Amino acid sequence: MTEAQKLSSHGPEYLASLLAEQGVLAEPWLRAAFARVRRHEFLPDRVWLDDDSAEGGYALLERSKNPDRWMQAAYEDEAVVTQLDDGGPERLDSYWATPTSSASMPSTVAQMLTDISLPAEPTARHCTKIMEIGAATGYNAALLAELVGPGNVTTIEIDPALASGARKALDAAGYEKVTVVTGDGERGRAAGAPYDRILSTASVVAIPYTWVEQATNGGLIVSPFETAFYNTGMVRLTVQDGTATGPFSRPLQFMRVRGQRTPAHFEALFTDEAWEARRTKPLDSDTSFLRDPAAEFAVGLMLPGVHHGQRGEGRWLSSDDSWAYVNDENVFEWGPRDLFDEATAAADKWHEHGRPDMSRYGLTVTPTGQLVWLNHADNIVGTLPTHNPGRPSA
Ligand SMILES: C[S@@+](CC[C@H](N)C(=O)[O-])C[C@H]1O[C@@H](n2cnc3c(N)ncnc32)[C@H](O)[C@@H]1O
């Protein structure tokens, strides 16, 4: 028997044991769901694996050429990339390709399924209505179908080709009753609302208020959450009377929802003319916050829309109209904002607050604003732009 044949029958049970050993499948019914859903049936024949040594940063893996490795990839605890660059022409040899869809890493999937706190009691679990954003392969929707019953699952995918692949895979695996919608998950699906759980598997920089409107009172919204400054995080919100509030939790990284992608403006704004017109001052403060995940998360919450990164020996920061470049001796700035000073002031605040990590911050989403808090919901330390894709902008 080949490796591929063995895994095609025992893969799900093998993966469930692997995850149970890692301690991410606390509930027996969660483990049972992983042991039942055949992940390989949701993967396309052509996939990519993260590989820094490969052109574009991803190595193509084709089932027809390497069936054993392909099948192994289905049952490892690794993300399997299923689309690059929104399905546009492959350009692996030109620059780093951008993964735009994947079957997420199974341990991450398990953690998120834990975060949605499904009832342990089967009858209660089987009347929990769930909306998932980002169907991708349909694998997570199949797990959800095992957990709450296929008729209770709606999954939305923005990419029509991926949505149709998810539909086919779910049908073939016997989950015909799962509702697959091609559309923008930021708008949710009013026709199926209200939902007891809203689970996004693509990250946001602002929670669409539509999700709050489409959740039940007492319902939960779980979503990867990032800022332009720091692309890692997760938020878990409880909805009550039109407001959703809750803490940030895990440092997980996801692909951004299409409508909230915010490219850094640094390269476009860092022109010869801008360099000529720069302001220069000696560096007289600490820059370690630019390399400290807890500080980066906090600064990101306080400076929405500001990116940062490395270029040569220095670090840059940019917004849509300004940049700063910092090396060991000097700070160079251009544009109306003093971005380095703003970021330093935000980092100073984080120090004053006792250098809290992500889990001490939280978010409250109301119809008129997104408030960032520290330790408890009354202690507001920042505001993020409101985001309501369901309504025409005023
Ligand atoms: C990391 S994948 C989701 C993983 C998936 N749930 C699984 O079973 O493994 C993220 C998906 O979100 C989709 N997506 C991005 N923006 C979206 C949006 N606004 N609405 C719905 N889907 C979106 C992407 O096309 C991609 O397929």
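## A walk through a predicted model

Helices (H or I, at least four residues) and strands (E, at least two) are DSSP runs, numbered from the N terminus. This is a predicted model, in which local features need pLDDT of at least 70 and side-chain atom pairs count only at pLDDT 80 or more, while totals for chains, interfaces and linings use all residues. Residues are numbered from 1 along each chain as its sequence is written, and side-chain values use heavy atoms, with hydrogens and water left out.

How many of the 10 residues of α6 are buried? The count is 9, and the helix is mostly covered. "Buried" means under 20% relative accessible area, "exposed" means over 50%, and "partly exposed" lies in between (1.4 Å probe, protein chains only). The buried residues of α6 are Y139, N140, A141, A142, L143, L144, A145, L147 and V148.

Helix α11 (residues 293–302) is also mostly covered, with 9 of its 10 residues buried. Among them are F297, V299 and L301. Their cover includes the helix α12 (339–352) and the strands β13 (307–311) and β17 (361–365). At the start of α11, a side-chain oxygen of D292 comes within 3.0 Å of the backbone nitrogen of A294.

### Nonpolar cores

A nonpolar core is a set of buried Ala, Val, Leu, Ile, Met, Phe, Trp, Tyr and Cys residues joined through side-chain atoms within 4.5 Å. The largest one has 52 residues, and I207, F225, F248, L317, Y361 and L363 touch the most other members. Helix α11 gives this core its largest share, 7 residues. A second, separate core holds 51 residues, including L61, A141, Y175 and V180.

### Around the ligand

The ligand is surrounded by 25 residues, and the closest are S101, G134, E157, D184 and G185.

Which element supplies the largest share of the shell? Strand β4 does, with 4 residues. At least two residues each come from β4 (99–103), β5 (130–133), α6 (139–148) and β6 (153–157).

| Residue | Atom in the protein | Atom in the ligand | Distance |
|---|---|---|---|
| S104 | backbone N or O | oxygen | 3.1 Å |
| D184 | side-chain N or O | nitrogen | 2.8 Å |
| G185 | polar backbone atom | nitrogen | 2.7 Å |

On its own, the ligand has 610 Å² of accessible area, and the protein covers 98% of that. Accessible areas come from the Shrake-Rupley method with a 1.4 Å probe.

A20 sits in helix α1 (residues 3–21). Is A20 buried or partly exposed? It counts as partly exposed because its relative accessibility is 26%. Leaving aside residues up to four places away in sequence, A20 touches L25 and R31, where contact means heavy atoms within 4.5 Å.

A172 belongs to helix α7 (residues 160–172). With a relative accessible area of 72%, A172 is exposed. A172 and F42 are 130 residues apart along the chain, and their C-alpha atoms are separated by 9.4 Å.

Definitions and conventions. A residue is near a molecule or strand if one of its heavy atoms lies within 4 Å of it. A polar contact is a pair of N or O atoms within 3.5 Å; within protein, one must be able to donate a hydrogen and the other to accept it, and residues adjacent in sequence count only if both atoms are side-chain atoms.
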